[in-house]
Each structure stands twice: as C-alpha cells, then as structure tokens.
Amino acid sequence: MKKTTNKRKNRRSPIFYILLIFLLCVFGYSAWQIGRYFFEGAVQKEKYDQLAAIVEQAEASAAATAANDSAEPAATEASEPVEETEPPILPEYKTIVEMNPDMVGWLKIDGTVINYPVMQTPESPEYYLKRDFYKDYSDRGCLFAEEGCDVDTPSDNVTIYGHCMKDGSMFADLDSYIKKSFWEEYPLVAFDSLTQHRTYRIFAVFKTTASVGEGFPYHTFINAMSEAEFNSFISQCKALSFYDTGITPAYGDKIICLSTCEYTLTNGRLVVAAVLEEDETQALPMTPSGALCIISTDTLWTRRVSGCSLRFPDSC
C-alpha cells in the first residue's frame with residue numbers, strides 16, 4: 001500500500017508537462033530569434049564591408065590615375081570646346097551605382113561604424129525600410145532619403161531615414177556624441193552625393209520627442225522661406241544642445257541633422273546637427289538655406305508638410 005501511495009505522489013500532473021513543453025518552446029524560439037538577429041547582423045556587416053571596400057579601391061585607383069595624368073605633358077594641339085553636361089559620377093561610386101541605381105549618396109563618420117550607402121525610391125518611399133542594398137530582406141534595412149528631397153542640389157532639407165540597431169550598426173553610434181569629448185575628437189560628418197564630396201561640422205547635439213504635437217519638430221524643416229525661419233531653426237538646435245560647440249551656422253549655410261532613437265524620453269530622438277564646411281558650400285549651387293535630416297526608422301507615420309512627405313518613426 002505504501003509503495004502505491006508513493007507512486008501516486010510522484011506522478012506529475014498533465015498541466016506540469018504542458019507548461020514544461022510550452023516553456024521549452026518559448027526558450028527555443030527566443031534562442032532562435034537571438035541567433036537569427038546576430039547571424040543576420042554578421043551577414044549584413046559583411047555585405048556593407050564589401051561595398052565599402054569597393055568604394056575605397058575605386059577611390060585609390062582614381063587617385064593613382066589622376067597622379068599619372070598630371071605627370072604626363074600637356075597636349076599642345078587645340079581641342080574643340082566640350083559641351084557642358086551633367087556632373088560626372090565620382091569614380092569611387094560608379095561601380096556600386098551600376099549595382100543598384102537607387103543609390104544617391106554615401107554617409108561616413110570616422111570613429112563610428114557608420115559607413116553606408118544612401119538610397120532613394122520616390123515611387124516607393126519606404127522600399128528600403130526592411131531591405132538592404134541588394135534588396136534582400138533585412139531588419140536593419142538601408143539608409144534611404146525622403147522621396148521629395150533632392151540630394152544632388154541639395155534641397156534645403158534632405159531627410160534620410162535609418163534604423164538604430166542593438167548590435168551597434170546603422171545609427172547606433174550617434175549616442176557617442178552625447179559626450180563632448182567624442183565630438184571634440186570626431187567633429188566631422190561626410191555625406192557625399194554621387195557627384196560631389198561634402199564634409200559637415202557638427203554644431204549641436206540634442207534630444208527631443210517624436211510624439212505628435214510634442215517636442216522640437218526639426219524634421220519639418222525642409223526649405224526655409226526666410227532668414228528668420230532659418231535662424232529660428234538654428235537657435236532651437238543650439239538651445240537644446242547638450243553642450244556649446246561655439247559654432248553657429250549663418251543664413252545660406254547647408255545643414256544636416258542625424259537622428260536616431262533615444263530612450264530617456266517617450267518616443268525620444270537623439271539628433272546630431274552639422275553645417276557644411278564653408279569651402280564646400282561655395283562649390284555648391286546656393287539656395288537660401290539647407291538642411292538634411294537623418295532619422296532612425298522603425299514604424300513610421302506619414303503626413304504632408306509644405307508639399308513634402310513627412311515620415312517620422314513612432315517607435316524604435
């Protein structure tokens with residue numbers, strides 16, 4: 001009798017086994033998701049590293065060719081005037097533009113992993129939200145420009161969207177600019193169009209919320225209609241900045257705003273604002289003012305501001 005009683009006591013309830021199986025399934029699925037996330041991260045890193053290598057090799061080759069050409073004696077024969085055409089694509093970007101014509105520029109910041117192509121698809125604005133450069137599915141997506149903006153001219157405000165990833169890729173490194181010491185070491189941002197090298201100097205780093213009707217709507221600044229509007233935008237950037245850089249852009253300068261998720265605020269955004277270096281500004285076709293916003297994207301809501309589509313992430 002005692003043995004029978006002990007056996008009954010040691011028997012597990014069916015609910016126990018159901019819960020055990022459920023927990024094992026949850027654990028297995030979570031492990032698979034984590035593994036998939038980091039595996040995709042490694043795959044995407046390799047893809048973007050390969051693209052960066054193509055750019056660097058093409059740039060080195062073009063520099064060597066230019067050096068050889070300059071060493072050759074100048075031709076003495078008179079040549080016919082060459083008809084002016086559109087600016088040629090920079091040598092370092094010719095190959096990858098042929099690989100994907102949706103590319104409109106390249107963004108790089110020293111001291112970070114940010115070294116990526118920028119895409120634009122006016123007919124399907126969010127095409128690269130979950131696709132990489134090769135148009136394969138990717139949680140990291142690809143940096144892409146607002147469809148209503150002109151990267152070449154550029155527009156007063158060119159908005160670029162990108163994800164903030166937990167593995168440190170895409171725009172995650174922007175968080176380093178909260179510290180003034182990092183800005184002092186890496187104050188420059190390179191954003192090239194396909195035809196021109198452009199370097200920007202950071203003048204403000206701030207956080208705000210992207211919640212509708214709250215925070216500083218820096219993403220709505222597209223084309224300044226007046227000097228007062230431009231100056232107001234700059235003043236707001238500097239007033240919110242974590243520290244004073246001593247740099248104040250003037251009316252007519254070109255501005256970029258790099259934005260990614262920030263987690264101390266509800267629906268927060270961290271923004272790094274920079275101004276185009278003066279010598280490069282002189283080489284650009286001038287408009288009254290200019291800015292470019294790079295915005296981290298996940299779920300996006302869309303509305304229209306001054307005829308230009310406005311997308312702003314409501315989560316990260």
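1. Ser 241 sits in the loop that runs between α5 (227-240) and β7 (254-262), where helices (H or I, at least four residues) and strands (E, at least two) are DSSP runs numbered from the N terminus. The model is a predicted one, in which local features need pLDDT of at least 70 and side-chain atom pairs count only at pLDDT 80 or more, whereas totals for chains, interfaces and linings use all residues. Residues are numbered from 1 along each chain as its sequence is written, and side-chain values use heavy atoms, with hydrogens and water left out.

2. Ser 241 is buried, at a relative accessible area of 14%; buried means under 20% relative accessible area, exposed over 50%, and partly exposed in between, with a 1.4 Å probe and protein chains only. A polar atom of the Ser 241 side chain lies 3.2 Å from the backbone nitrogen of Val 205. Leaving aside residues up to four places away in sequence, Ser 241 touches Ala 204, Val 205 and Phe 206, a contact being heavy atoms within 4.5 Å.

3. For the chain as a whole, there are six helices and 11 strands, and 45% of the 316 residues count as buried. Among contacts between residues at least 6 apart in sequence, 67% join residues at least 24 apart. The accessible surface of the chain comes to about 17200 Å², and 56% of this surface belongs to carbon and sulfur atoms; the areas come from the Shrake-Rupley method with a 1.4 Å probe, and for residues only the protein chains shown count as cover.

4. Which residues touch the most other members of the largest nonpolar core? In this core of 49 residues they are Tyr 93, Met 103 and Tyr 177, where a nonpolar core is a set of buried Ala, Val, Leu, Ile, Met, Phe, Trp, Tyr and Cys residues joined through side-chain atoms within 4.5 Å. A second, separate core of 16 residues includes Phe 216, Phe 221, Ile 234 and Val 275. When residues up to four places away in sequence are not counted, the contacts of Met 103 are Tyr 93, Ile 96, Val 97, Pro 117, Val 118, Met 119, Phe 133 and Leu 194.

5. Strand β2 (residues 115-119) is mostly covered, with five of its five residues buried. Strand β1 (residues 103-108) runs antiparallel to β2 and is joined to it by five bridges, with Leu 107 standing opposite Tyr 116 of β2; two strands pair if DSSP finds at least two bridges between them. In the hairpin that β1 and β2 form, six residues lie between the strands, and Gly 111 takes a positive phi near 85°. Strand β3 (residues 143-145) runs parallel to β2, the two being joined by two bridges, and Leu 143 in β3 is the bridge partner of Val 118.

6. Several backbone values deserve a check by eye. The peptide bond joining Thr 153 and Pro 154 is cis, with omega about -10°, and Pro 154 is found in the loop between β3 and β4 (157-162). Lys 135, in the loop between β2 and β3, has a phi near 70°, a positive value in a residue other than glycine; Lys 135 is partly exposed, with a relative accessible area of 40%. Asn 267, in the loop between β7 and β8 (268-276), likewise has a positive phi, near 55°, and is a residue other than glycine; Asn 267 is buried, with a relative accessible area of 16%.

7. The structure holds 15 aromatic pairs. The rings of Tyr 93 and Trp 106 have centres 6.3 Å apart and planes at 20°, so this pair is stacked. Rings of Phe, Tyr and Trp (its six-membered ring) pair if their centres lie within 6.5 Å, with planes under 30 degrees apart counted as stacked, over 60 as edge-to-face and the rest as tilted. This pair links distant parts of the chain, since Tyr 93 belongs to helix α3 (residues 91-99) and Trp 106 to strand β1, 13 residues apart, and both Tyr 93 and Trp 106 are buried.

8. Phe 216 and Phe 233 form a tilted aromatic pair, at 5.8 Å centre to centre and 45° between the planes. Phe 216 lies in the loop between β6 (199-209) and α5 while Phe 233 lies in helix α5, so the pair ties together parts that are 17 residues apart in sequence. Phe 216 is buried, with a relative accessible area of 7%, and Phe 233 is buried as well, with a value of 4%. Ring pairs link Phe 206, Phe 216, Tyr 218, Phe 221, Phe 230, Phe 233 and Tyr 251 into a cluster.

Definitions and conventions:
A polar contact is a pair of N or O atoms within 3.5 Å; within protein, one must be able to donate a hydrogen and the other to accept it, and residues adjacent in sequence count only if both atoms are side-chain atoms.
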